[in-house]
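Dear colleague,

Please find below the structure that I am handing over to you, together with its sequence. My notes on it come directly after.

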Amino acid sequence: MPKAGGPVPVALPDTAAQALGVAPGDVITLADRRGGPSLRVRLTGLYRPADPAGLYWRLDPLEGRGVRTLSFTTYGPMLVDPRVFTARTVPAAEVQWVAGADFSAMTTARLDRVGQDVRRTVDRLDDRQLEAETTASSELPALAADLGRNLLVSRSTLLISMLQLTVLAGLALMLVAGLLAGERAEETAQLRARGSSRTRIAGLAAAEALLLALPAALSAPLLAGPLVRLLAGHGALARADVRLDVPYETAWWAGVLAALACGAAVASPALRRTGTYAIERRARSRKGALPGAVQAGADLALLLVAGVGYWQLSRRDGGSGALTTDTTGALGMDPVLVVAPTLCLLACAVLALRLLPLAARLGERWAARSPGLPTALAGWQLARRTGRGAGPALLLVFAVSISMFAIGENATWQRSQSDQADFSVGADVRVTGTSTPLLGQGGVYDHIPGVAAVTPASRSTVPLPQGREATVLTLDTTAACEVTGLRDDLTDRSFREVLRSLSPQDTAPRDAGFTLPRDTARFLLTVRMQASDSSGRPSGSGVTTRLSATFTDRFGLPYTLALGDVPADGGRHVVAADFDAEAGRDPGAGPAGPLRLTGIKVHYTLPQRTEHHRLSVIALRAVTHDGTARTVPVRQGSSWKSRVTMGNPDFIEDGNHIAATTSAPRSGRRMPLTVEYDTGQLPPGASWQSGDDEASVVLASAPQPPPALPAVATDSLLRAVGAEVGDVARIQLAGVSVPVRVTAAVRALPTAVPRTDGSGGGALLIDMQSVNAFLSGTDQGVLVPGEWWLAAEPGASARVAAALRERGDITSLLVRDEQRTELQRDPLGAGPLSALPAAVVSAVVLAALGYLVAAAGALRERSGEFAMLRALGTPRRWLARVIAAEQGLVIVVAVGVGALLGGLLTRLVVPLIILTADAESPVPEVRVHLPSGPLTLLVITITALPLLGVVLTAWRSADPAQALRHQGGE
């Protein structure tokens, strides 16, 4: 607490203290903006926010930065003891409270309810009548809505993968159940022939199924926890630091239901109605080349249903994937759209079974030409037992398809996240807010280590027909080639060529005007203003002119600075432009040199009688930061033009009212610049409705801009205005109708994200120097950069971002690498990214085990044949080669067909189901990526594992003595 009448102890941010030049112990006098008494404070300490993004600093208008410059500069906040306010030493203008919640027990089931409760609480606080005005706000309802959409996106992706694995597991289960039924078919027929009832046989089958399913039902929930923790410890979930808890009650119910399904699948063949023993044997020996359901056209019906599902998925407005909105506008999952990808994969896999007879016939013809016994036997067996390989082939085709789908979806999702970061940021680093004055912004980035290239950027919104709006992006296209880029599928030619079509060299040469030394701190002009009468004799004048100068930096950005007043007395006068003062005090602040003097403006009030004036720029001197004065060189034949602007647009000449006129300026080495003009006149008592009675003479060193500015337009903008490449259109920019000629069309432009409400009309890219050269001739102002795009040296993005954040003047920036990391570390998006690789592993394991079981059953069924061949002297290795050739052909064909179907459906379906966290289509559009490395590993693994297992099984089987004894009934 301060002593009575003494200064109030305060603490100040270190950035503010540095900017003010104060230190602990200093006493500062603060003035009251409302006219109250001043306040003396003593600086007792400095502080720095540990986390400027923390909840506490939401109360600080400066957001913990210490300094902010808008129309004026604000420093603070000063921290004081709370008793300073309670004791009325300092009256409190307002009181703010911030409340944080404990979300440690928060669950997704309570998300919507919490958001609604907070919204009602805020509304009640706003409605309460208190002694003072009360305003309450919360970001939680909007955050809860965003999280709800993010959850739906994650759940829809997980559900699609879960359905695919469920169908694959069902196919494997049906295959195993069919093999078991085939194994006991003859035994069942014999029991039926001896009088056993169907109920008793079904009971035996159910008991057998229970013995198989019960251990799985007990072990699966117990294994769920360790497997989930293993999954969370690797990949995207580990990077996002997500902790997964297993709801064991749900896991037990899921295990029981899965066990019941398995038991029903195993026991169901025993419940079907069968014929006599003889009929059953004939049926088993006369199996068709294809399953009965396929022969009946079930695959075509399934394909029709899948086609309808794909059509529904592809026609979703706004690209909402498997999500839809109900009649109330609430977002939810559409079951049809969730099932559609799985239906497409399954239908194509079942349809591919029709290729088996063709493959068998081709294999038989190939084997017939082979001189060896193993190959001939393999071809003959394939042609004779085509239908027996349908189940294993379907399992492999579907497994490979969904595995490729999962790999493609995972890789495409990650690439899309990287593309979104590239597109939304536009450069390695994009500065979107700074408190440094405009003149000082360009030089800041010259002093940041690691910055390789810089371009200023301006963003404007312009109206289009039918109530639409377009984004106009202006860049220094000469430097933009090194700073930004565009994905190659978004343009028909390289982006560098596209930017080259916007080259400003025809509108504003880089060497126009007088070039100043790069380290100029102040610029001095020695000028003389002479007045003369109609006969050319010197005369007195009461006109005082106000001089201003326009300087252009290396990016082509013009800056107009006031120089001062110059009387028309014929004497020499020195006027100055103080760049250091205009650039601000921030470290490194200064113009992006070298500057060029490209314009001088003479502004005055119209006299009562016209006068002839001559403005002569006698000398140009640049004062560097070390105080050295240098003469600015003047190129011989420097081109300057002049024009007159009347302050009143309704000025009409008559006998008494005369407009100003000017002659062409002259420039030379002895006299840098000279211009003569007649001031015009406005007699006493004359008045104008518009009120202005001023005039200006503008000198500029720039050629006439072209009739239309070159521009690059997006396809959507061309559709909105009904134009094509080469056409000229007009846009309202900075209050001026600007003609633009479309030189190229692209699908999208960096950072120009299309609107989702239907009002977006695309985007337009124009060179900043060109458009400012055009606007300078209209006296309506120019475009100023609101952003700075930076290209960092390789590996230096983080260092550049850190250096910018350490400054007190950079209020907001975006970093491409950080944006990528943020998207990839999204906790809700990490679930699908981790589940997709797990789905691939599960599919490979299921397919390999299922195929091995089927192959083992087929080998056991043919054990008698192999034993006979062994007894006749056929070597074991020949039989292994027969089995390898037979099964290898099925495996290769199935894997090849599955790979083709998986690749095709991945390209067709994945772009339709990948969404952003806000449940919207990504920008730019998703480009499918099928990584060659994981796909090659998948194909090799899913081909080698079943084939190796079959060969090992065949090598250990075919004992002739045992098989012949079994065949003989012993």
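The notes below cover a sheet, the nonpolar cores and some backbone features.

This is a predicted model, in which local features need pLDDT of at least 70 and side-chain atom pairs count only at pLDDT 80 or more, while totals for chains, interfaces and linings use all residues. Residues are numbered from 1 along each chain as its sequence is written, and side-chain values use heavy atoms, with hydrogens and water left out.

**The sheet.** Nine strands form an open sheet of mixed pairing, in the order S24-S25-S23-S26-S10-S9-S27-S8-S28. Strands, like helices, are DSSP runs numbered from the N terminus (strands E, at least two residues; helices H or I, at least four), and two strands pair if DSSP finds at least two bridges between them. The edges are held by S24 (728–733) and S28 (810–815); each has a single partner strand, so one side of each is left without a neighbour in the sheet. From one strand to the next, the twist averages 35°; axes here are lines fitted to C-alpha atoms, and angles run from 0 to 180 degrees between N-to-C directions. S28 pairs with S8 (residues 429–434) in the antiparallel sense over five bridges, and Leu-814 in S28 is the bridge partner of Arg-430.

**The cores.** A nonpolar core is a set of buried Ala, Val, Leu, Ile, Met, Phe, Trp, Tyr and Cys residues joined through side-chain atoms within 4.5 Å. Buried means under 20% relative accessible area, exposed over 50%, and partly exposed in between (1.4 Å probe, protein chains only). The largest core has 66 residues, and those with the most contacts inside it include Phe-523, Phe-551 and Leu-790. Strand S12 (residues 520–532) gives the most to this core, with five residues. Another core, of 61 residues, lies apart from it, with Leu-396 and Val-910 among its members.

**Backbone features.** Cis peptide bonds join Gly-593 to Pro-594, with omega about 0°, and Val-923 to Pro-924, with omega about 5°. Pro-594 is in the loop between helix H19 (579–583) and strand S16 (596–605), whereas Pro-924 is in the loop between helices H26 (876–913) and H27 (932–956).

Ala-734, which is not a glycine, has a positive phi of about 55°; its place is in the loop between S24 and S25 (736–746), and it is partly exposed at 35% relative accessibility. Thr-751 has a positive phi near 70°. This residue lies in the loop between S25 and S26 (760–767) and is buried, with a relative accessible area of 10%.

Yours sincerely
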